[in-house]
Amino acid sequence: MSTQHKDGTVLEVRKAKLKPPPMFKVMLLNDDYTPMEFVVAVLQKFFAMTRERATQVMLKVHREGVGVCGVYPKDVAATRVQQVAAYARRHQHPLQCVMEES
């Protein structure tokens with residue numbers, strides 16, 4: 001689309017192409033000390049998972065060493081990581097929560 005002014009100048013209207021923000025995976029890492037039940041509770045509390053889904057993710061963490069809790073924009077992912085880390089520390093568990101770009 002273009003517009004022509006009286007002086008002969010032509011202006012073109014361009015729409016900016018916006019790409020979606022990068023997304024980040026939030027993951028829990030396995031350790032030998034955090035109880036499985038605590039991991040399930042964390043998944044339910046911070047990632048709104050059902051007990052069944054939280055148990056599946058917890059078992060993946062236990063068996064494979066890492067499990068994905070969700071995929072979020074950077075600021076949301078960072079907040080979740082901080083919340084889980086603080087909650088684990090308050091309950092004296094070494095549970096680690098990390099994020100990486102997906």
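**Salt bridges and a helix crossing**

Tutor: The side chains of Arg51 and Glu37 meet in a salt bridge, at 2.4 Å from N to O. A salt bridge here is a side-chain nitrogen of Lys or Arg within 4 Å of a carboxyl oxygen of Asp or Glu. This is a predicted model, in which local features need pLDDT of at least 70 and side-chain atom pairs count only at pLDDT 80 or more, while totals for chains, interfaces and linings use all residues. Residues are numbered from 1 along each chain as its sequence is written, and side-chain values use heavy atoms, with hydrogens and water left out.

Student: How many residues apart in sequence are the parts that the pair of Arg51 and Glu37 ties together?

Tutor: Helices (H or I, at least four residues) and strands (E, at least two) are DSSP runs, numbered from the N terminus. Arg51 lies in helix α2 (residues 51–64) and Glu37 in helix α1 (residues 36–47), so the parts tied together are separated in sequence by 14 residues.

Student: Is Glu64, which forms a salt bridge with Lys60, buried or exposed?

Tutor: The closest N and O atoms of Glu64 and Lys60 are 2.7 Å apart. Buried means under 20% relative accessible area, exposed over 50%, and partly exposed in between (1.4 Å probe, protein chains only). Lys60, at 38%, is partly exposed. Glu64 has a relative accessible area of 54% and is therefore exposed.

Student: Which strand holds Glu100, the residue linked to Lys25?

Tutor: Lys25 forms a salt bridge with Glu100, with 3.3 Å between the closest N and O atoms. The pair links distant parts of the chain, 75 residues apart: Lys25 is in strand β3 (residues 23–29), and Glu100 is in strand β5 (residues 96–101).

Student: Which residues of α3 make the contact with α1?

Tutor: Contact means heavy atoms within 4.5 Å. On α1, the contact is made by Phe38, Val42, Lys45, Phe46 and Phe47. On α3, the residues are Arg80, Gln83, Val84, Tyr87 and Ala88.
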